[in-house]
Every structure is written in structure tokens, then in C-alpha cells.
Amino acid sequence: MTRYVAFLRAINVGGHNVTMPQLRAIVEAAGYGEVETFIASGNVILASDETAHRVETTLEQALERELGYAVQTFVRTPEQLATIVSAEPFGPVADGHKVQVGFLAEAPAVDVRRAVAALSNDYDELLVDGREVHWLTRGGISGSKVKPSAFTKALGSPTTLRNVTTLRRLVAKYGSD
């Protein structure tokens with residue numbers, strides 16, 4: 001069995017409110033074991049013999065069937081998360097600065113990576129590395145000069161963002177089995 005962390009995009013937005021017990025029940029009913037949620041923001045830990053891609057597909061189908069709306073899902077192993085958080089593509093981050101990681105289904109083409117990097121400015125620095133977008137803000141994300149519509153357009157595919165601190169906590173708790 002492989003342990004996975006599933007990052008759910010926008011599960012509790014637009015008037016939707018899914019409780020963590022409800023979310024765990026949906027994931028268990030989809031056939032996964034050792035199901036846990038990690039903080040109430042769409043992070044689900046589970047165990048499966050399936051590939052990560054199959055877990056993504058199965059969870060998306062189960063969530064849409066049970067909730068009535070699409071929930072894009074991005075799955076990584078604890079080992080992959082450890083690699084992501086240890087990369088530190090911006091080097092040491094100064095106090096008050098924040099790093100978000102956006103998960104993607106596929107690694108984007110060179111032109112997309114360039115378009116995302118071109119959004120960088122004196123407050124924000126963005127880069128794509130494989131299937132992740134790393135986003136440094138010199139302060140909180142709420143102060144970002146990057147408009148959500150510009151980010152979405154440049155990326156051209158869905159993502160869900162998590163603070164690198166949350167990812168470090170996941171790695172510390174679930175390690176790299």
C-alpha cells in the first residue's frame with residue numbers, strides 16, 4: 001500500500017460546506033484505507049494500491065457524485081512532498097515572506113512556465129518546477145500584485161495552493177514511509 005496526500009481544490013467555496021467527517025466518509029466509501037484529513041482545507045491522507053493518477057480520477061468521480069460539483073484533486077506521496085519542501089527554489093525566505101505551492105495535474109509546457117514566471121514583480125516571484133508552481137510573496141498572499149485572473153490565464157490549467165508551512169507539517173507528520 002502506498003500512502004498519498006490528496007489536495008482538493010475549492011471543496012468548501014461557493015456556498016459549499018463539507019465537514020471533515022463527511023469528506024473522510026466519501027474517501028473511505030471510494031475504497032481507500034487509513035483515511036485522515038489534515039486541517040480543514042481539503043487535505044486528505046489515504047492508502048491505496050492504485051497509482052496516483054488513478055487515485056486522482058477515482059476521488060474526483062466520487063466527490064462529484066456525492067457532492068454534486070466537481071472537485072479537482074492533486075495527489076502526491078509524502079516522499080514527493082518532502083522533495084518539494086526541501087527544494088527551496090527562492091533560497092532562504094526572509095521573515096514575513098510567504099511561499100505557496102500550487103499543485104498541477106501535469107508539468108506544463110515551456111511557454112506556460114515562461115508566462116507564469118513573467119508574472120513576477122517586486123512583491124511576487126513565481127516559477128514552475130515540474131508539476132508544482134512555487135510562489136513567493138514578500139508579505140502575505142493577500143498583498144500579491146498578481147491578479148487571480150492573470151495567474152489562471154498564464155497557467156492555463158487548474159491548481160490548488162498550499163502554504164509551504166502546511167506542507168512541512170504534512171511531511172513531519174507523515175514522513176516518507
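Predicted model: local features only at pLDDT ≥ 70, side-chain atom pairs only at ≥ 80, totals over all residues.
Local features were taken at pLDDT of at least 70 and side-chain atom pairs at pLDDT 80 or more, while totals for chains, interfaces and linings use all residues. Residues are numbered from 1 along each chain as its sequence is written, and side-chain values rest on heavy atoms, with hydrogens and water left out.

Strand S5 (residues 98-103) is joined to S8 by 4 bridges, and the two run antiparallel. Helices (H or I, at least four residues) and strands (E, at least two) are DSSP runs, numbered from the N terminus; two strands pair if DSSP finds at least two bridges between them. The open sheet to which S5 and S8 belong has 4 strands in the order S6-S7-S5-S8, with antiparallel pairing. Its edge strands, each pairing on one side only, are S6 (124-129) and S8. Neighbouring strands of this sheet are turned by 25° against each other on average, direction ignored.

Contact means heavy atoms within 4.5 Å, and axes are lines fitted to C-alpha atoms, for helices over the stretch in contact, with angles from 0 to 180 degrees between N-to-C directions.

The structure holds 3 aromatic pairs (rings of Phe, Tyr and Trp, the last by its six-membered ring, with centres within 6.5 Å; planes under 30 degrees apart count as stacked, over 60 as edge-to-face and the rest as tilted). The rings of Phe38 and Tyr174 have centres 6.4 Å apart and planes at 75°, so this pair is edge-to-face. Because Phe38 lies in the loop between S2 and S3 and Tyr174 in helix H6, the pair ties together parts that are 136 residues apart in sequence.

Most residues other than glycine have a negative phi. Glu34, found in strand S2, has a positive phi near 50°. Glu88, in the loop between helix H3 (78-87) and S5, likewise has a positive phi, near 40°.

Finally, the largest pocket has a volume of about 190 Å³. On a 1 Å grid over the protein atoms alone, a pocket is an open set of points where a 1.4 Å probe fits, with protein on both sides within 12 Å along at least five of seven lines, and lining residues have an atom within 4 Å of a point. Grid points are joined across faces, edges and corners, and the volume is the space filled by probe spheres set on the points. The lining comprises 15 residues, of which Pro148, Phe151, Thr152, Thr159 and Leu161 lie nearest the centre. Helix H5 (148-155) and strand S8 (160-163) are the elements giving two or more residues to this lining, and H5 gives the most, with 4 residues. By class, the lining has 8 nonpolar, 5 polar and 2 charged residues (Ala, Val, Leu, Ile, Met, Phe, Trp, Tyr, Cys and Pro count as nonpolar, Asp, Glu, Lys and Arg as charged, and the others, Gly among them, as polar).
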